[in-house]
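Subject: Structure handover

Hello,

Please find the structure below, followed by notes on what was found in it.

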Amino acid sequence: MNSPPVPSTLPPADRAQRRFYPLRTPTEWIEDYRPGKYHPVHLGDTFKNARYKVIRKLGYGSFSTVWLAKDEELHSYVAIKILAASETCTPDEVVILNTLSQSTLQHPGKQRLVELLDSFEHQGPNGTHLCLVFEVMGPSVATIADRLPANILLSGTGQQSSFPMWMAKSILRQVLLGIDFLHLNNIAHGDLQPGNLLFSVRDLSSATEEELSQIQKENTLSEPVRKLDGKVDLWAPRYLALNQPLTDYVDFGPKFVIKISDIGGGFFISDPPATSVIPLGFRSPELIFEKKVSEDQDIWSFGCLMFEIITGTPLFAVGSSGEDDAETADDDLFLQLYDVIGPSPASMLAQWPRSRIYCNVNGERIKNYVGNLPEDDYFDPDEMIQPLPPLEEYFDQVKPADCSDEDADVVKALLRRILQYDPTKRPSTSELLQHPWFVDCLSESTEYIKE
């Protein structure tokens, strides 16, 4: 694929200085097609000396786009993750993935990690992009719960936003296996969340390129990309392809397979990074209070993941629009932790510069909201600002219909063990895998299937 020359003048990165008319379709932000960011891709483009031909868009993230491609050399299908040019400078993901692929440890968790097949660099108008070639995977856990085939839903429950319990337990056990394998290889994932858990697809060797190709299907592209000044842009594609995950090629039966993807936030446990990429709602207390990144974050994230996958509800809902409101987001999470988990230890509060805004010298909360309240005589803070319920009560409020009282009691006890302020008191992945609730889940996988 021929690329236009890199222009001499960079486009503005400021969101207030837009270059394009907004797109009305759900795609990545068009303004992020600029030097240092996304590489412009069109269906039919080829990579690595025409070995890989792009035929379908599978998804995108904050730092990459992911495409289904035909491997013309091996006559197979692969997924190509094209990182933003600014991310190519730190290829830790490749080093970690190669370390894992070469591991001689005999462990079932190795099969719960998406396999890296190839890697190469691609020069484009926005810089040099690291391209990672993976086995083809299906949609993520984050996007599929409310679109599951009817034959696996509980009879009488209809559509639901959470997974049936048998599926939730299997997903969580498979995730534990993958994280356990990582930790035993001195590697932490660092970004454990529903969007990084993918369903495996069935063998695509018999599928034709025409069958899988997005270019043959209608309504799979955005409207044309148009610049405000009417000129041709050298950094952006002519259109953006819409996500077309391979949902129809997933077997959602009792033997379904989940694999952990995106090791971009991963690190060797002996050499943790200074910062973390984990979403706000999954950040551990030590990350908020102490800015400490460690493998303990994976265990905390798993607890948040467990709550969300079973209930369909995030445990901690925290939003942020960027670095400008990072302190506000941290404060919001602190208040939610206080409600759901309990008061923060004095040792942690002592390391947090804004603790006196919300807690007195005894660690008791004196303010349960962030910022200032409206100056309105009709605004009653006691009525409008209600604390979240404690963990156990919260779970009971949002648990799915097929969660028995026995299961609920076990889950609540597990969540309380995992979600502890002191990371040294949290169970390891190996300990969790030995818990009867996870040991027994495989034998229960067909119990809830509708005939």
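Val41 counts as buried, at 3% relative accessibility (buried means under 20% relative accessible area, exposed over 50%, partly exposed in between, with a 1.4 Å probe and protein chains only). This is a predicted model, in which local features need pLDDT of at least 70 and side-chain atom pairs count only at pLDDT 80 or more, while totals for chains, interfaces and linings use all residues. Residues are numbered from 1 along each chain as its sequence is written, and side-chain values use heavy atoms, with hydrogens and water left out.

Val41 lies in the segment before strand 1 (helices, H or I of at least four residues, and strands, E of at least two, are DSSP runs numbered from the N terminus). Leaving aside neighbours within four places in sequence, Val41 is in contact with Phe47, Val54, Trp67, Ile82, Pro237 and Tyr239 (contact means heavy atoms within 4.5 Å).

Not counting residues up to four places away in sequence, Gly36 touches Ala84, Ala85, Ser86 and Asn126. Ser86 is 50 residues from Gly36 along the chain, and their C-alpha atoms are separated by 4.7 Å.

For the protein as a whole, there are 14 helices and 11 strands. It has 451 residues, of which 52% count as buried. Among contacts between residues at least 6 apart in sequence, 68% join residues at least 24 apart.

Helix 6 (residues 296-311) takes up much of what follows. Its 16 residues should span 22 Å at 1.5 Å a residue, and its end C-alpha atoms are 23 Å apart, which agrees (the expected span is 1.5 Å times one less than the number of residues). Helix 6 is largely enclosed by the rest of the structure, because 14 of its 16 residues are buried. Gly312 follows helix 6 and has a positive phi, near 80 degrees.

One partner of helix 6 is helix 3 (residues 165-184): their axes come within 10 Å and cross at roughly 165 degrees (axes are lines fitted to C-alpha atoms, for helices over the stretch in contact, and angles run from 0 to 180 degrees between N-to-C directions). The two helices are therefore roughly antiparallel to each other (angles under 35 degrees count as roughly parallel, over 145 as roughly antiparallel, 65 to 115 as roughly perpendicular and the rest as oblique). Helix 3 passes helix 6 in a right-handed crossing (left-handed if the near helix is turned anticlockwise from the far one by less than a right angle, right-handed if clockwise). On the helix 3 side the contact is made by Met165, Ala168, Ile171, Leu172, Val175, Leu176, Ile179 and His183, and on the helix 6 side by Asp298, Ile299, Phe302, Leu305, Met306, Ile309 and Ile310. By class, this contact has 13 nonpolar, 1 polar and 1 charged residues (Ala, Val, Leu, Ile, Met, Phe, Trp, Tyr, Cys and Pro count as nonpolar, Asp, Glu, Lys and Arg as charged, and the others, Gly among them, as polar).

Another partner is helix 12 (405-418). The axes of helix 6 and helix 12 come within 9 Å and cross at roughly 155 degrees, which makes helix 6 roughly antiparallel to helix 12. Here the crossing is left-handed. Ile299, Trp300, Phe302, Gly303, Met306, Phe307 and Ile310 of helix 6 meet Val411, Leu414, Leu415 and Ile418 of helix 12. The residues of this contact divide into 10 nonpolar, 1 polar and no charged.

Helix 7 (residues 326-340) reaches 21 Å from its first C-alpha to its last, close to the 21 Å expected for its 15 residues. It is mostly covered, with 11 of its 15 residues buried; among them are Asp330, Phe334, Gln336 and Tyr338. The elements that the buried residues of helix 7 pack against include helix 6, helix 11 (391-398) and helix 12. Just after helix 7, Gly342 takes a positive phi of about 130 degrees.

Finally, two backbone points. Most residues other than glycine have a negative phi. His75 is not a glycine, yet has a positive phi of about 55 degrees. His75 is found in the loop between strand 3 (64-71) and strand 4 (76-83), and is exposed, with a relative accessible area of 63%. Asp262 also has a positive phi, near 55 degrees. Asp262 is in the loop between strand 10 (258-260) and strand 11 (267-268), and is partly exposed, at 26% relative accessible area.

Regards
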